[in-house]
Amino acid sequence: MATTRANAQRRRRIEREASDIRLDGVRRGLTTEAIAERIIRKISDITPLEAWRFASGYDRAEVSARLDALYVADGLEPPNVDAAVLCRWELGDRRPSDERIDYFCRLYRTRPDRLGFGNDHSPGDVSHLQRAGIIDAFPFTSDESEQDLVDRVSQARERINLFGLTRSFYASDAILSAFQEKARTMDINIYVMDPYCESRRDRYRIEPADAAMEDPERYVREILRPLRAASDAAPRLRLYLFNFPCSFAMEEVDGVVRVMMYGHGRRGTHGPIIIFNEGTSAHAYFVEQLRWLERLSSGTSPEPWKSKGVQVRPFDLW
């Protein structure tokens, strides 16, 4: 009896923790895959299959219904998998058939190894990546990609330049403290999109309706104000506003440039992050974009950009 009660309490704890991790990930605009990875990493006694269900926000009844719908769409009889069977699969007490695993992959839009069934042993030819100067990549914004930026900023020796819509992570304690510490010894330039310019409104027209920073007032309050306060405390941390569209973000730290892609109908945090090393044409391309920003921020926009109303100016919202 005591063992049964302890198991029930443990399951409730897992559900609460997984729910909290999912809600935090949703607020941050993370993908389901990124949320599932965080759940697996932070909750030791959970299986990947169960983590994906929690990350998707489903209970077992909904998983069963969605599996049935996939079977019906294929012209097959629905399996009507009950909660007890799903529970045994999720806890690792039983293994679903290969057919069921395939449908789980379709339901969660992932691979079998991500759900805990086997490993991905496929080889990859990386020579073309090396020629392009790609030294690392992340499929989307995650704890690992954010920690990578924190580590690079903390270890920087020469330069730090950041450009983009400016994600909420920039205002978090983890990276903001790293910016302030590094700004004691070197210049840090952060180029953020003017929250009231037409380009920002156009960008958020094509983002999902629940995009966290669509409201410019909230963007100013939750991201720009903390950045401005850090800049006031560390004068070598310099903020600039630009007023033109951008389809990617750039983070230059010494001889490396991290590039994050923006897509249509997707949050910025869902885009891939590709890291380029110096000495290659791809790295030179993105660095030139940053040098162009520096020229525009020098005080007067050169032609033909001036006639087109393109501006990069010091942050002066208040």
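Leaving aside neighbours within four places in sequence, which residues is A156 in contact with? They are K182, M186, V253 and D254, where contact means heavy atoms within 4.5 Å. This is a predicted model: local features need pLDDT of at least 70, side-chain atom pairs count only at pLDDT 80 or more, and totals for chains, interfaces and linings use all residues. Residues are numbered from 1 along each chain as its sequence is written, and side-chain values use heavy atoms, with hydrogens and water left out.

- A156 lies in the loop between α8 (143–155) and β2 (160–164). Helices (H or I, at least four residues) and strands (E, at least two) are DSSP runs, numbered from the N terminus.
- A156 has 5% relative accessibility, so it counts as buried. Buried means under 20% relative accessible area, exposed over 50%, and partly exposed in between (1.4 Å probe, protein chains only).
- A156 and A230 are 74 residues apart in sequence and 18 Å apart in space, C-alpha to C-alpha.
- D254, one of the contacts of A156, sits in the loop between β5 (248–253) and β6 (256–261).
- D254 is not a glycine, yet its phi is positive, about 55 degrees. At 17% relative accessibility, D254 counts as buried.

**Other loop residues**
- N80 lies in the loop between α4 and α5 (83–91). Its phi is near 50 degrees, a positive value in a residue other than glycine.
- N80 counts as exposed, at 54% relative accessibility.
- E303 and P304 are joined by a cis peptide bond, with omega about 5 degrees. P304 is in the loop between α12 (281–296) and β8 (312–314).

**Helices α4 and α6**
- The axes of α4 (residues 60–73) and α6 (residues 98–108) come within 10 Å and cross at roughly 100 degrees. Axes are lines fitted to C-alpha atoms, for helices over the stretch in contact, and angles run from 0 to 180 degrees between N-to-C directions.
- α4 and α6 are therefore roughly perpendicular, a term for angles of 65 to 115 degrees.
- From α4, V63, R66, L67, L70 and Y71 make the contact; α6 contributes residues including Y103, F104 and L107.

**Rings and charges**
- The whole structure holds 15 aromatic pairs. Rings of Phe, Tyr and Trp (its six-membered ring) pair if their centres lie within 6.5 Å.
- Ring pairs link W52, Y58, W89, F104 and Y108 into a cluster.
- The charged end of R53 sits over the ring of F54, 4.6 Å from its centre. This requires NZ of Lys or CZ of Arg within 6 Å of the ring centre and within 35 degrees of the ring normal.
- R200 places its charged end over the ring of Y219, 3.7 Å from the centre.

Notes: Angles under 35 degrees count as roughly parallel, over 145 as roughly antiparallel, 65 to 115 as roughly perpendicular and the rest as oblique. Rings of Phe, Tyr and Trp (its six-membered ring) pair if their centres lie within 6.5 Å; planes under 30 degrees apart count as stacked, over 60 as edge-to-face and the rest as tilted.
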